[in-house]
Amino acid sequence: MRTIGVLLLPGTRTFDLAVLGEVWGQDRTDSGIGPFTVRLCSPGRVRTPLSPFGDVAATHGLAGLGGCDLVLAPGRDDPLAPVAPAAVAALRRAHRAGATVAGLCSGAFTLAAAGLLDGRPATTHWRDLDALALAAPRADLQRDVLYTDDGGVLTSAGVVGGLDLCLYLVRRDHGADVAAALARRLVMPPAREGGQRQYVENPLPPPSAQPGLASTMDWALGRLATGIGVEDLVGHARMSERTFHREFAAATGVTPGRWLRVQRVRYAQRLLETTSLPVDRVAERSGLGTAANLRRRMRAEVGVGPDSYRRTFRGATVEACTSTSS
């Protein structure tokens with residue numbers, strides 16, 4: 001892919017546009033990639049509002065998408081805002097002409113407006129998945145992946161998932177060595193597989209109307225390593241088992257057992273990010289017992305094992321610090 005078209009619409013997200021500029025707009029010939037021709041294409045306007053820093057000038061009208069090898073739809077502030085019919089038609093023409101079409105983050109809604117997600121796997125930022133299900137009811141929605149690839153149509157999670165998708169495209173079309181060299185320039189892991197789950201933060205649910213339930217949850221969080229179980233939560237809350245389960249589910253949307261498992265995995269994630277503890281010690285400290293159980297639980301909840309998670313979230317930081325100091 002040598003000619004890249006970027007669809008600029010009102011409310012285009014700055015981060016997504018910056019990602020595209022870093023990958024395809026820079027001179028990366030020393031990394032074995034490029035040079036590329038990048039066309040910023042906008043429907044009938046010379047300048048397109050770009051959130052949150054004012055305007056960016058388009059270099060082409062929508063006709064500029066014609067002849068592009070790759071057409072990219074960045075996310076927008078309001079992904080449900082209507083897409084100009086001329087932009088929809090231009091996307092469809094580009095796809096029919098053989099261009100690869102990709103939506104970054106909420107850019108998936110732009111592809112949905114053009115009908116390009118029908119019958120295809122698709123994803124977006126976890127916060128917008130339900131909205132995308134309504135906007136593209138015929139899409140095969142993938143809720144736990146970083147990006148999807150159905151040949152000529154791709155989508156990504158947000159926000160950094162868009163950069164994962166761009167590196168994937170580089171790796172697919174230019175090879176693993178070129179993608180690895182580019183990743184080193186960007187100081188990020190060379191590849192996160194598309195099937196890896198989005199790292200969705202699972203904050204504590206809102207405090208229950210029952211003060212005893214909220215205090216029980218706080219009490220449990222300080223004792224995850226002790227092997228406490230649901231029966232211990234019931235005892236601390238001083239409720240009947242039936243009442244406790246009913247109140248807990250109403251407050252959190254999950255069962256007490258499920259909540260405990262998620263909190264243990266979250267604590268294990270923090271230990272993997274911030275310490276050098278061996279995996280078996282992380283398992284003990286988080287109350288998951290054994291390294292094998294930690295691996296099983298992390299793959300179920302996060303989509304990757306502890307070693308891969310640590311390389312992604314701690315290894316990249318170490319590499320960044322080393323690169324800065326050298």
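What percentage of the contacts in the protein chain with a separation of 6 or more comes from residues 24 or more positions apart? I looked this up and found 63%, where a contact means heavy atoms within 4.5 Å.

**Ground rules.** I note that this is a predicted model, in which local features need pLDDT of at least 70 and side-chain atom pairs count only at pLDDT 80 or more, while totals for chains, interfaces and linings use all residues. Residues are numbered from 1 along each chain as its sequence is written, and side-chain values use heavy atoms, with hydrogens and water left out.

**Whole chain.** I counted 13 helices and 11 strands in the protein chain, taken as DSSP runs numbered from the N terminus (helices are H or I, at least four residues; strands are E, at least two). Of the 326 residues, 48% are buried, meaning under 20% relative accessible area, with exposed being over 50% and partly exposed in between (1.4 Å probe, protein chains only).

**Strand β1.** I then turned to β1, where 5 of its 5 residues are buried. Thr-3, Gly-5 and Leu-7 point one way, whereas Ile-4 and Val-6 point the other way. In a regular strand the side chains alternate between the two faces of the sheet. I found β1 joined to β3 (residues 37-41) in parallel by 5 bridges, and paired with β6, also in the parallel sense, over 3 bridges; two strands pair if DSSP finds at least two bridges between them. Ile-4 has Val-38 as its bridge partner in β3 and Leu-70 as its bridge partner in β6.

**Nonpolar cores.** Which residues touch the most other members of the largest nonpolar core? Among its 31 residues they are Trp-24, Leu-72, Leu-165 and Val-170, a core being a set of buried Ala, Val, Leu, Ile, Met, Phe, Trp, Tyr and Cys residues joined through side-chain atoms within 4.5 Å. The elements giving two or more residues to this core are β1 (3-7), α1 (14-25), β6 (70-73), α5 (161-174) and α6 (176-186), and α5 supplies the largest share, 7 residues. Leaving aside neighbours within four places in sequence, I found Trp-24 in contact with residues including Ile-4, Val-38, Leu-70 and Val-170. A second, separate core of 28 residues includes Leu-7, Val-88, Ala-99 and Ala-136. In soluble globular proteins, nonpolar side chains tend to be buried together.
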